[in-house]
Amino acid sequence: MINSRRKFLLISAAGAATLSLNKFANAQAMVGETEPQAVALHYKADTTKVDQAKYPKHAATQRCDNCALYQTKGAAAGACSLFAGKQVAASGWCSAWVKK
Ligand code: SF4
């Protein structure tokens, strides 16, 4: 039989491990194109897939990794100040793109 102190320690350790995994998972989460904010900003994970007729000011050279709001260097994905807690693709694009 597990005494209450040991039981408390086991539950605490399990809780800490879960929190740690959740934090890691959230840090790695990518913005999905169907998420409400992504839809509102017309985000695409691949700038070459943007509908040029719909967004005539878009150019294939416009990418998240050369946008002023992209906060990461030298990575396939990074943080964007418009999508807190998630990552956007370096090769992505949205209608808020601003030249770095
Ligand atoms: S604001 Fe810039 S970095 Fe953020 S999703 Fe749009 S294009 Fe990418």
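How many helices and strands does the protein have? And which residues is Val 31 in contact with, leaving aside its neighbours within four places in sequence?

Analyst: This is a predicted model, so local features need pLDDT of at least 70, side-chain atom pairs count only at pLDDT 80 or more, and totals for chains, interfaces and linings use all residues. Residues are numbered from 1 along each chain as its sequence is written.

The protein has two helices and two strands. From the N terminus, their order is α-α-β-β. These elements are DSSP runs, numbered from the N terminus: helices are H or I with at least four residues, strands are E with at least two.

Now to Val 31. Leaving aside neighbours within four places in sequence, its contacts are Ala 38, Tyr 43, Phe 83, Lys 86, Gln 87 and Val 88. Two residues are in contact if their C-beta atoms, placed from the backbone, lie within 7 Å. Of the contacts in the protein between residues at least 6 apart in sequence, 57% join residues at least 24 apart.

Val 31 also belongs to the largest nonpolar core, which has 16 residues. Val 31, Cys 64, Cys 80, Val 88, Ala 89 and Trp 93 have the most contacts inside that core. A nonpolar core is a set of buried Ala, Val, Leu, Ile, Met, Phe, Trp, Tyr and Cys residues joined through C-beta atoms within 7 Å. Buried means 20 or more other C-beta atoms within 10 Å of a residue's own; exposed means 12 or fewer; partly exposed is in between; the atoms are placed from the backbone. Buried residues make up 21% of the 100 residues in the protein.

Look next at Gly 85. It sits in the loop between β1 (77-79) and β2 (87-89). Gly 85 and Val 31 are 54 residues apart in sequence, but their C-alpha atoms are 9.2 Å apart in space. Gly 85 counts as exposed because it has 9 C-beta neighbours inside 10 Å.

Two other loops follow. Thr 34 lies in the one between α1 (4-28) and α2. With 8 other C-beta atoms within 10 Å, Thr 34 is exposed. Its C-alpha is 9.4 Å from that of Lys 44, 10 residues apart in sequence.

His 42 is in the loop between α2 (36-40) and β1. It is partly exposed because 17 other C-beta atoms lie within 10 Å. Its phi is positive, near 60°. Most residues other than glycine have a negative phi.
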